Amino acid sequence: MSWVTKTLSSTLGRKLIMALTGLFLILFLTGHVSGNLLLFKGDGGEAFNIYAKFMTTNPAVKLLSYVTYISVIGHVIYSIILTQVNKSSRPVGYAKSNASKSSSTASRNMGILGTIILIFLVIHMQSFWYQMHWGEVPFVTYDGEQYKDLFSIVTFAFQNELMVAGYVVAMAFLSFHLSHGFASAFQTLGLNHKKYTPAIEVLGRIYSILVPILFASMPIYIYFTSQS
Amino acid sequence: MKLTLKIWRQKNASDKGGFATYPVDGISTDMSFLEMLDVLNEGLTEKGEDPVHFDHDCREGICGMCSLYINGNPHGPLQTTTCQLHMRSFSDGETITIEPWRAKAFPVVKDLVVNRSAFDRIIQAGGYVSVNTGGVPDANEIPIPKTIADEAFDAATCIGCGACVAACKNASAMLFTSAKISQLAMLPQGKVERKTRAEKMIAQMDAEGFGACTNTGACAAECPKGISLTNIARMNREYFSAVVSSDNM
Amino acid sequence: MILDSKIPAGPLEEKWTKHKFNSKLVNPANKRKYDVIVVGTGLAGASAAASLAELGYNVKAFCFQDSPRRAHSIAAQGGINAAKNYQNDGDSIFRLFYDTIKGGDYRSREANVYRLAQVSVNIIDQCVAQGVPFAREYGGLLANRSFGGAQVSRTFYARGQTGQQLLLGAYSALSRQVANGKVKLFPRTEMMDLVTIDGHARGIVTRNLITGAIETHAAHAVLLCTGGYGNVFFLSTNAMGSNVTAAWRAHKKGALFANPCFTQIHPTCIPVSGDHQSKLTLMSESLRNDGRVWVPKTVETAEKLRKKQIKPADIKEEDRDYFLERKYPSFGNLVPRDVASRNAKYVCDEGRGVNETGEAVFLDFRDAIARDSEDTIRARYGNLFDMYQQITGENPYKTPMMIYPAVHYTMGGLWVDYNLMTNIPGLYALGEANFSDHGANRLGASALMQGLADGYFVVPYTIGDYLAQTPPKKVDDSHPAFAEAVDKVKGGINQLLNIKGSKTVDHFHKRLGKIMWNECGMARTAEGLKEAKKAIKALKKEFWSDVKVLGENEELNQSLEKANRVADFIELGELMIDDALNRNESCGGHFREEYQTPEGEALRDDENYAYVAAWKFMGENQEEELVKEPLEFENVKLTQRSYK
């Protein structure tokens, strides 16, 4: 075994992958939420559709999107491997456990939270990403150039109460996942310092609340604005 | 005080084991938890029943021999060792569940006694400075900043009881391993071998079958000596920088 | 029988250097042909095992705990002395030597103690090199404090956990040799007997505590680093498992036991709270710097306190007896350990004890808090106050602490010569297990020093001299001596299991402890000792006919482990009483009420008792024979202690 594979198959190496992919996904989420804020512009989706085209055609963004796909897959695969290792480390469990005394619920349930988020992700990508790439999307023309009208797909999707509710609930899970994952990734990378760690923790808390709220507000906004 | 004890009984490593329930009476609030078990055992012996086996030695909170998972927490409700836990922390009539540490790397030997030799093997993998007796420089030859010495000391106070493993949902030994790696990585004497030490100790930790860390923080919150999570971060740093820069292939 | 202490000739300062030069050496290539057994993995055992393995010997290390790191050296709090003179305050090797000899009330060997002081400086260097995080000053150099009434600051420390840090240092050195394959580790294994062949120690018989297997281990030399025997008193500050079995079984194989009655009693322990008590916890002596020791003046008031009808604060100033300040106006609460302990016992014997059991005195910080503020006191003793509160449930800032003396250390042990070898060739005793350096009383912060000195810096030299004269032929455990020892051990275990009596092992241990504590504890009388001897003989008989040990040998059986140990404690107790009866003087920890100065101080008899009392086992239920090793003092003048 070379030193690379040896490292990546150690518990710490696997954690390193979890942390790096996790942090990259946090970066991705930041970009994703910022871009999607264009939904609030109230211009009938023009800015949003232009942005969507840019995101699917720009070569640099494309490259980044591949990194994102790899990160998602890596994050999932390594979490499965680690969960298996962790489960096998305690073949006989405790009859009585009072774990809430010493750790947060989110931190103990990252796997479950992650699984729910993954299910959401599949539905989400099916609804929009797949449609955008291979689905039948109507075209609109701005300044003589043709664009796929993703905005109409989005507004149509969020006419459905169930869809909106599902998105809001999924964002709650994302929030819990991030509330532990954000600072945890820094800890795993060994980026712990008494000067900066408290700031990272505060930032993590803000991020884990703000980003999911912004995401969740989009379907709600669309649901109410397109109803009226 | 009158109590009901629900205790894990297991004759030996190959026995399946199960819970047995014992009532105890006449328990004083001044007793330590282990003294309460002494009372139970004296009673069991008089009745001709096999006493409950549990590990204990110094009974002053420093040897790390006592263990016990009490009512869902290692060393019970307080952040201390079981020998320093007193019955005033419980109320009359309470049912107390007592289990052994649970981890693949800590197999049960009998009743509440587990085998923690995995910890010894982690230390043997590199938890030392390779100096022979004699021929060392004067103790004051290398000044060490007080803050560094104090921080190294804090890491070095680990008593090796295994509460971190017992508390962790993944039965991870990262807090234990990181405490030793940290202590030696901070001191100039330990810096010489820091890379190889980190690589070897972590390899051994994995080989023993401990789980990975998910940063829940339960280990530090339950550690009777208050070993900090910063040690785990330091260990991770040590390891990552070691694997990319050491000469070990 | 004449004991040869093998003290080298020549001036004190040159003895050790010359002796090292004159000792024979084992050729480096031959070292791997020698096997050495080390029993016990505390400071002495771990340091010896590691150092001998580094030299190239094949070492087998044994401990009854689940890991060598748990040996009771780990519990030492205060610090370790060394004559480094880093503080430029006038310390020197000779001063450390002098303080130790005088502190031991002139009942130890000059040459041994001088060597101890000499190698003390190397210990600190060694520990720092291992990564032991000693306390440091802001400039980065090592910090020192004064300890145990020494007039210089020579104590190195790691907060209140010096023993832990030093042991973990030695344990790491040991672990390194385990990894190198030079030490084979046997945890959860108890030594049950010594095997001698042609008068030489050649191996041991052990019991695997998990499986009960009785096993033999052969070697060219055996080192007993098995600690002290304070648990003969049942209640002590020792760990629950600390025992005398290894040393006692070696004694029964011919090794002399020296000064068994020399035990140290520490005045500031947390008192016994009831019959359930299993062990006592020490609190640093430094508490006496600010706390005032008192009991009520009358038995009636004390009675009310015991029944909790009144609180300590209800007792008026004029009804309090600050007995140490009253009896020793100049030293007050800071009298030495033995004096403070004895006086606490006296007032409690009068019925003026203050807790429910009647065996406690107050250590009151009320005046210190009023004088210096609670914050100042918290800064000084916060951790001790917290520990006290955790154990007793009382807040010592609000109500006075209660303290009582407890057995803490045993100065006596197996007799050894200058090479730390017992009178059985090839059998060594190191650390608290031997008798050699502390005389009748040990100074604070000297136990750690001696354990490490013996293991790191003495035995690695002296064992070579013996092994060089021993052929490197493998010792074979098929020799009939091994089978014989195994049979005896198995016989003893079967006997214990087959008594099937009615009383538990702890029942006997507690009774033994009471006898020893009352009659062979802080103050002893010929009359009391004679009674105690009768009581112990009767107890021994009862033990062997009525003890109840459940289960079988072939399993983890903690009752059986205890039974084996208590059987030996009972026999040792009897010998301690013989020794205390024989020593018609008071010295250090041994206080015979018949021998005291008019002020109530220990009265030594240097003319008749300046000797080491070494006892020879003469057979089961036979009186032991006393062998004397006279002590000669060429470099210090013998003086009488006084705290007037």
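Student: Which of the two pairs of chains in contact shares the most contacts?

Tutor: In this predicted model, chains B and C share the most contacts of the two pairs of chains in contact. Residues count as in contact if their C-beta atoms, placed from the backbone, lie within 7 Å, and by that test the contact takes 63 residues from chain C and 66 residues from chain B.

Student: What makes up the side of chain C that touches chain B?

Tutor: The elements of chain C that give two or more residues to that side are α3 (43-55), α5 (110-130), α6 (162-179), α12 (374-392), α13 (447-467) and α17 (558-582). The most comes from α6(C), with nine residues. Sorted by class, the side of chain C that touches chain B holds 24 nonpolar, 26 polar and 13 charged residues.

Student: Why does the radius of gyration of chain C agree with that of a compact globule?

Tutor: A compact globule with 644 residues would have a radius of gyration near 26 Å, and chain C has 24 Å, so the value agrees with the rule. The C-alpha atoms of chain C fill a box of roughly 75 × 65 × 50 Å along the principal axes.

Student: What share of the residues of chain C count as buried?

Tutor: A residue is buried if 20 or more other C-beta atoms lie within 10 Å of its own, and 59% of the 644 residues of chain C count as buried.

Definitions and conventions:
Residues are numbered from 1 along each chain as its sequence is written. Chains are lettered from A and ligands numbered from 1 in the order in which they are written. This is a predicted model: local features need pLDDT of at least 70, side-chain atom pairs count only at pLDDT 80 or more; totals for chains, interfaces and linings use all residues. Helices (H or I, at least four residues) and strands (E, at least two) are DSSP runs, numbered from the N terminus. Ala, Val, Leu, Ile, Met, Phe, Trp, Tyr, Cys and Pro count as nonpolar, Asp, Glu, Lys and Arg as charged, and the others, Gly among them, as polar. The radius of gyration is taken over C-alpha atoms; the globule rule is 2.2 Å times the number of residues to the power 0.38. A residue is buried if 20 or more other C-beta atoms lie within 10 Å of its own, exposed if 12 or fewer, and partly exposed in between; C-beta atoms are placed from the backbone.
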